[in-house]
Amino acid sequence: MEVFLIRLLQFLLAISLLVLLHEGGHFFFAKLFGVRVDKFYMFFDPSIGRWDGSIFKFKPKGSDTQYGMGWLPLGGYCKIAGMIDESFDTEQMAQPVQQWEFRAKPAWQRLLIMIGGVTVNFLLALLIYSMCLYHWGDDYVAAKDMTLGMKFNAEAKALGFEDGDILLSTDRGEFKDFSADMYRDLSRAREVTLLRGGKETTLLLPGDIDYLEMLKSQPQFVRPLIPAKIDSVLPGSIAESIGLRQGDTITGVDDKAVDSYNEFVSELGRHQDMLAQAATAADSTEALSVQVVFVHEGDTAATIATAQLTEKMQLGFLVKSVAGMYKNTHVSYGLLESFPAGVKYGCNVLSGYVRDLKYVFTAEGAKSLGGFGAIGSLFPPVWDWHMFWLMTAFLSIILAFMNILPIPALDGGHVLFLIYEMITGRQPSEKFMIGAEYVGMGILILLMVVANLNDILRWIGVM
């Protein structure tokens, strides 16, 4: 429960900040061009019975704007007078045009008002990345420093990779560290350079490996090779009960030898599959029974013990992390250096996200969609300001990009119609705009339902 609350607080704080600044971008340009803003709300405020849906609200003396917070934490809004938006205020639109309304302003001013939100979100992300680099620097384990190399699945081995290969670069550039960028480069690369047995070797690749399949396959296409050596044993755990202790090395599971922690996890995954397919109590008992072969540090004789697992399939021991196994690289940035580095970092994040977006339109990609639960789980289980700001910057970039998509009801939909008006000199009719807004809202609601349904299906173990 504590982990859930910490993640929830981080999620709500990040989303509140991003929504407030996004709507503030619209508000700034609206005020700049003399457009009246009727309401500026954090979260939505659909009415319930006689209650107008506001948790609190206030209207400063002499101001035309009502500020407040609604009860539905799905975003926020800035209600701009004389504009067709999610409020569907057709009554106001039926009145004569006033000079302080959105619809009375030139198209270029309306365009700036509409892109104000995404502009703020994008610039905010770049600023956060820059300040994170300035304050914390950049820490990572360089791919070339992973001296034990990588572990590859059957698909990768069919292309010529071997366990223990140290990946150096592709024809697209040098690998910085082990990350999603490594997968992206490998998926599109025509050749890869690696270190095998101390010698550089080049492998030819097809250039069109399925990126999503590389990530989703179990085991994954490539992952760092981690020795099956126990770093610590949790008190009262199953591992402790069968005699495992710090420094021990696991050498086998059931009747299969394992040469790494990666293979150990794969074997437990096989037992997980057996449990999922169990038809009787006896089948379940067999799936939860695992024979572990290990060698105590300093010994040569193997010990064989049978562990009775729970459905979590965890013995209760830890191995060293990648960061704990290898030399860490730290890069510091001065204040002036941090800004170009932050811009480069943010643009790389955006380009990777845009390239990956095409997978959403595949069957597997649709299953990968995540809602509020998936987003919340991206935050760390402990309060870490560095990770919090990195995640906030990432969400800010996502919010900016998603909002500029040419979908009615999003900023990008309004921008599309404004560009049409600027090119043709004709405004789309009010009836068309209202209809498009309904269609856009329908699309967004459908996406939200699918994404959050995926979260629920993952939580109950169906996906």
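Contact is taken here to mean heavy atoms within 4.5 Å. The structure is a predicted model, in which local features need pLDDT of at least 70 and side-chain atom pairs count only at pLDDT 80 or more, whereas totals for chains, interfaces and linings use all residues. Residues are numbered from 1 along each chain as its sequence is written, and side-chain values use heavy atoms, with hydrogens and water left out.

Under the contact criterion, and leaving aside neighbours within four places in sequence, Ile-209 is in contact with Glu-155, Leu-159, Leu-186, Ser-187, Met-214 and Phe-221. Ile-209 is found in the loop between strand E10 (199–204) and helix H6 (211–216), where helices (H or I, at least four residues) and strands (E, at least two) are DSSP runs numbered from the N terminus. With a relative accessibility of 9%, Ile-209 counts as buried; buried denotes under 20% relative accessible area, exposed over 50%, and partly exposed the range in between (1.4 Å probe, protein chains only). The C-alpha atom of Ile-209 is separated by 9.5 Å from that of Tyr-183, a residue 26 positions apart along the chain.

Strand E10 also belongs to an open sheet of four strands, in the order E8-E7-E9-E10, with antiparallel pairing. Strand E8 (173–174) and E10 stand at the edges, each with a single partner strand, so one side of each is left without a neighbour in the sheet. Two strands are treated as paired if DSSP finds at least two bridges between them, and strand E7 (residues 166–170) pairs with E8 in the antiparallel sense over two bridges. Ser-169 stands opposite Glu-174 in E8. In general, strands of a sheet pair through backbone hydrogen bonds, either parallel or antiparallel.

A search of the whole structure finds 21 salt bridges, a salt bridge being a side-chain nitrogen of Lys or Arg within 4 Å of a carboxyl oxygen of Asp or Glu. One of these joins Lys-57 to Asp-52, with the closest N and O atoms 2.4 Å apart; Lys-57 is partly exposed at 45% relative accessibility, and Asp-52 is likewise partly exposed, with a relative accessible area of 29%. Asp-181 and Arg-184 meet in a further salt bridge (2.7 Å, N to O); because the two residues lie three residues apart in helix H5 (residues 180–188), they are separated by about one helical turn. Within this pair, Asp-181 counts as partly exposed at 29%, whereas Arg-184, at 11%, counts as buried. The side chains of Lys-157 and Asp-163 also form a salt bridge (3.0 Å, N to O), Lys-157 being partly exposed with a relative accessible area of 38% and Asp-163 being partly exposed with 28%. Both residues take part in a network of salt bridges that links Lys-151, Lys-157, Asp-163, Asp-259 and Glu-263.

With a disulfide defined as a pair of cysteine sulfur atoms within 2.5 Å, the count comes to zero disulfides. Cys-78 counts as buried at 8% relative accessibility, as does Cys-132 at 4%.

On the surface, Ile-48, Trp-51, Ile-55, Phe-56, Phe-58 and Trp-71 form a nonpolar patch with about 600 Å² of accessible area together. Patches are made of residues with over 30% relative accessible area and no salt bridge, like charges being joined within 9 Å and nonpolar side chains (Val, Leu, Ile, Met, Phe, Trp, Tyr) within 5 Å; accessible areas come from the Shrake-Rupley method with a 1.4 Å probe, and for residues only the protein chains shown count as cover. Phe-56 has its place in strand E2 (residues 54–58) and is partly exposed, with a relative accessible area of 41%.
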